[in-house]
Every structure is written in structure tokens, then in C-alpha cells.
Amino acid sequence: MPASPSRLFAQITTAEPPGDTTVVMRRAVVLGGSIAGLMAARVLSDHADEVLIVERDPSDVDGGPRPGVPQGSQVHALLPAGQVQLERWFPGIAEEAFALGAPLPPSDEVAARIFINGVEGLPPKPGSSGPGLITTRPFLEALVRRRTLAVDNIRMVYGRADGLVFADQRVSGARYVPDGGTEPVVVPADLVVDAMGRSSRLSDWLDENGWPKPPMQRMPIKLNYATALYRRDEKISDTWVVVYHTMAGPGRTARIGGINSVEDDRWIMLVAGYDTDRPSRDVADFTRRCREQYPEMFGAIAEYGEMLSDVITYHQADSRRREFHQLDRLPAGLVAAGDAVASFNPVYGQGMTSATLHASCLSAYLRSGPRPHEQPAHAYFDLVRVVVDAAWQVSTSADIELPHVNGPYPRGYKITKWFGDLVFRASRTDPVLSRRLNRVTTMLDHPSALSRPSVLLRALRVGLFARRQPGPAPE
């Protein structure tokens with residue numbers, strides 16, 4: 001009997017490093033050197049004589065956001081599950097990040113405040129993964145790149161991916177145009193990884209060579225957000241991490257806000273809206289939104305803090321997923337990872353974490369004894385589907401309530417929504433349900449962990465108690 005999605009998810013998210021790696025190929029090529037590509041390269045280094053990363057952007061990642069990552073200036077979150085996987089593949093990386101300036105929480109307790117629909121809820125309990133790694137995207141990506149390229153059999157070249165080479169029902173290599181050049185270079189490979197992000201051209205390359213495109217599923221979220229950096233100042237606020245989420249509903253406008261304490265003694269602060277609610281680059285507009293639409297620490301920082309950057313805006317039209325697992329025909333020697341497979345509403349912080357989990361899917365696949373240059377990687381995409389399904393369920397269950405979103409609605413949506421709302425309301429006052437919900441939203445547990453009978457019974461009991469007597473239910 002096939003393993004259940006929850007069991008597969010638990011296997012993928014394990015913190016245990018693999019101990020049974022064998023070399024099964026001569027060369028692997030990774031197209032894209034962002035987080036997904038770097039993580040894939042690290043995994044492949046255990047199974048290939050040589051790993052080549054082709055990255056289009058030669059900019060120094062230590063110098064700030066790269067042109068190839070247009071959202072790099074925005075708030076990024078590495079969820080606890082992502083931190084577990086980083087430590088799995090790069091032991092000691094969190095300690096190194098702290099030594100390089102990533103901020104440590106002020107105490108053993110997680111110094112996070114969470115507001116839902118304007119009401120502050122229970123803070124998340126400290127996890128077993130150690131202090132949370134909270135940084136800007138450029139800081140974390142630079143660290144992961146240094147650790148990846150320190151592996152002896154991994155190297156990076158700069159250039160624009162230009163296509164794949166097909167031969168005998170398989171991908172036998174990749175083409176790229178070197179930075180500053182005009183003629184493409186062909187690199188033979190036993191396995192090619194598409195880590196080119198949302199703008200991946202893989203579907204077109206498959207179609208041009210007689211292979212079917214993976215079906216695409218989209219949810220039109222129309223997200224608009226703006227971010228600015230400020231100097232941290234205890235005289236203005238003792239804020240460490242703040243998450244603010246107002247859900248669409250009667251009398252409410254859906255909005256997201258966030259404040260993170262990041263390296264170099266700074267705050268990075270985000271405000272976001274949907275559809276026609278569009279934060280601008282105007283500092284006065286940003287400050288007004290922080291003061292009028294968010295908790296008091298947003299307004300205090302925006303009004304009195306020392307601004308260290310311009311206000312940077314970003315728009316994401318949709319969440320999307322490419323359904324590679326539905327393809328009956330797929331060439332051997334090819335996989336995809338990260339946003340090239342699925343990208344979600346970024347305010348839920350699932351992107352980088354999903355990329356680390358895709359790398360662990362790749363590891364599980366390569367340790368299962370495949371012949372990647374001879375067999376299509378259906379087993380890999382089946383594993384990736386488990387991760388994508390979990391992230392998609394969490395993010396779209398909230399986004400589908402936005403007034404401008406009209407689907408796609410999942411099977412059993414009404415009963416799922418009723419149950420989800422019940423657990424969510426109970427989690428705001430019940431510490432046990434709060435922890436369980438937090439483990440799902442941070443991708444440590446599969447969403448099915450919330451559908452157990454014990455969870456339903458506890459949520460019902462908490463709801464009944466709340467109607468009879470104000471205040472939290474006893475544990």
C-alpha cells in the first residue's frame with residue numbers, strides 16, 4: 001500500500017541527514033542559482049561526480065537584492081521547517097548566520113506578536129529547531145551560496161539558460177549563453193534541474209521538442225505590497241517580530257503586515273493589500289497606512305524611525321503550480337524545483353521553505369535507486385506534489401476568501417472551510433490547538449494533522465466553553 005501524504009511529508013521533513021548516498025551520475029546541471037538551485041546542487045553533490053550551476057545574474061549577492069530576484073528587497077521568512085532543512089544539508093549554518101550578524105531573539109521565548117483581525121492572539125511557542133533565523137533575503141542567499149560553492153564538486157558559471165538538448169527520449173544536456181557572450185554553450189548532463197523560478201521556460205522547451213507541457217493551475221490573488229528598512233531603536237519600540245493579518249469578511253478589508261528584526265540592527269517592515277488596495281512608493285502614503293491600518297508599533301516605527309531605504313513595491317498577480325505529476329510522458333534526465341514547480345502568495349513565507357523541501361524530495365528520490373538518465377523522474381514529482389499540496393492548501397484556503405478571487409475551489413470546500421474556521425477560532429485562545437496550527441502553517445506538519453478526530457473534538461469543546469464562559473479554555 002502506498003504511503004499516505006502525511007507519512008511521506010514526515011519523511012521529507014526529517015532533520016536526519018541521509019546516510020546512504022551513492023554516486024549515480026557523472027554530471028548534473030542546475031539552471032538557476034537562487035535558493036532552490038543552490039539547495040538542489042547541494043543534494044546532487046552527494047550523487048554526481050560534478051555539479052554545474054548556471055546562474056544568469058553575476059551580481060555579488062552580498063551587495064543586496066539581485067536583478068534576478070525582483071522581490072529580493074521585500075520581507076522574506078524562512079519557516080521553521082526550512083531552517084530544519086538548511087541545518088540538515090549545511091550543519092551549523094544557523095550558528096554561522098548568527099556569528100555573521102543575524103539577530104538572536106532577546107530571550108528563550110519566541111518574541112513574536114501575532115494579530116488576527118485586529119486582535120492579538122497567542123504567540124507561537126519556541127520550536128525544537130533552535131532560535132529562529134530571521135534575516136533579509138540577500139543575507140541568507142549569500143550564506144547559502146557560500147556554503148554550496150564550498151563543496152568541492154560544485155561550481156557556478158554565469159550566463160542565460162538557452163534551452164535543453166534532447167536525445168533518445170531523454171534530456172542529455174543544457175545550453176546557456178555565457179555572460180557577455182553571444183553564442184550558446186552546450187553542457188552534456190545526466191540530469192538537468194530547472195530552478196529558474198516563476199519565469200521558467202521549461203514548458204515551452206518541452207512543447208518545442210514534442211513533449212507535453214505540465215498543466216498550470218492559477219489562483220488570481222492580485223497581491224500588492226511595499227517594504228522599507230529602518231534602524232532598530234529601543235526608544236521607539238521593543239518590537240522583535242510582528243505578524244498582522246486581517247482576513248476578508250463583513251466590515252473588514254484583507255490586509256497583511258509584518259515587521260522583522262534583521263541583521264545590522266535593522267527592522268524590515270511590510271504592508272500589503274489586494275486587488276485595488278495598492279501601497280505606493282510614496283513615504284507619506286506608507287507612513288499613513290502604518291499609522292491608520294496596523295497596530296501601534298507599525299505607526300511608531302514609520303513615523304519616528306530612521307528610514308534606511310526607499311519604499312519598494314512589488315506585485316504578484318497569482319499563485320501558480322505546474323502539475324508535473326500529471327504528465328504521462330516526461331523525458332528522462334529532467335526535474336524541476338522551487339518556484340519553477342509552484343509559487344504561492346509570498347505573505348505566507350512558503351517559498352524558500354518549499355525550495356528546501358524540494359531538495360529533500362530530490363535526495364529521497366536519488367537514494368531510492370533510480371537511473372535518472374534512463375528513467376523519467378515520476379517518483380520525484382510525486383514526492384514534490386506532497387509538499388506543493390500541503391503549501392497550496394494552507395495558502396489558498398485563506399486566499400480563496402478574498403472577494404476578487406473566484407476559485408478554483410477544492411473538492412469538499414464548504415465542509416473544509418467550516419472545520420478550518422472552527423479550529424482557527426479555537427486556536428486563538430487554546431494553547432494546544434495554537435501549537436498544532438502553528439506547526440502546520442510553518443510546514444513542520446502536514447495539514448492532515450488538523451483533521452484528526454481529537455483536534456475536532458478539542459475545537460468543539462473550546463468553542464462550547466467560550467460560549468459559556470469568556471476566557472481561555474483550560475488545558
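Predicted model: local features only at pLDDT ≥ 70, side-chain atom pairs only at ≥ 80, totals over all residues.
Select Ile415, Trp418, Leu457 and Leu460. These side chains make up a nonpolar patch.

Now colour helix 11 (413-427) and helix 13 (453-468). Each of these helices supplies at least two residues of the patch. Pick out Trp418, which sits in helix 11. Is Trp418 buried, partly exposed or exposed? Its relative accessibility is 45%, so Trp418 counts as partly exposed. That value falls between the 20% limit for buried and the 50% limit for exposed.

Next, go inside. Select helix 8, residues 296-304. Six names to click here are Met297, Phe298, Gly299, Ala300, Ile301 and Ala302, and they are buried. What covers them? Show strand 3 (112-116), strand 10 (223-231), strand 11 (241-246), strand 12 (255-262) and strand 13 (266-274); these are among the cover. Helix 7 (283-293) belongs to the cover as well.

Move on to helix 9, residues 351-366, and find Ser354 there. Ser354 has 2% relative accessibility, so it counts as buried. Which residues does Ser354 touch, leaving out those up to four places away in sequence? Display Phe344, Val387, Ala391 and Met443 to see these contacts.

Now look for rings. The whole structure holds 7 aromatic pairs. Select Phe324, Tyr365, Tyr380 and Phe381, which form one aromatic cluster.

Last stop: Trp392. Arg321 lies over the face of Trp392, 5.5 Å from the ring centre.

Methods:
Residues numbered from 1 in each chain as written. Heavy atoms only, no water. Patch = residues over 30% accessible without salt bridge, like charges linked within 9 Å, V, L, I, M, F, W, Y side chains within 5 Å. Areas by Shrake-Rupley, 256 points an atom, 1.4 Å probe, with all protein chains shown as cover. Salt bridge = Lys/Arg side-chain N within 4 Å of Asp/Glu carboxyl O. Helix = DSSP H or I, 4+ residues; strand = E, 2+ residues; numbered from the N terminus. Buried < 20%, exposed > 50% of the residue type's maximum accessible area, 1.4 Å probe, protein only. Contact = heavy atoms within 4.5 Å. Phe/Tyr/Trp six-rings, centres within 6.5 Å; stacked < 30°, edge-to-face > 60°. Lys NZ or Arg CZ within 6 Å of the ring centre and 35° of its normal.
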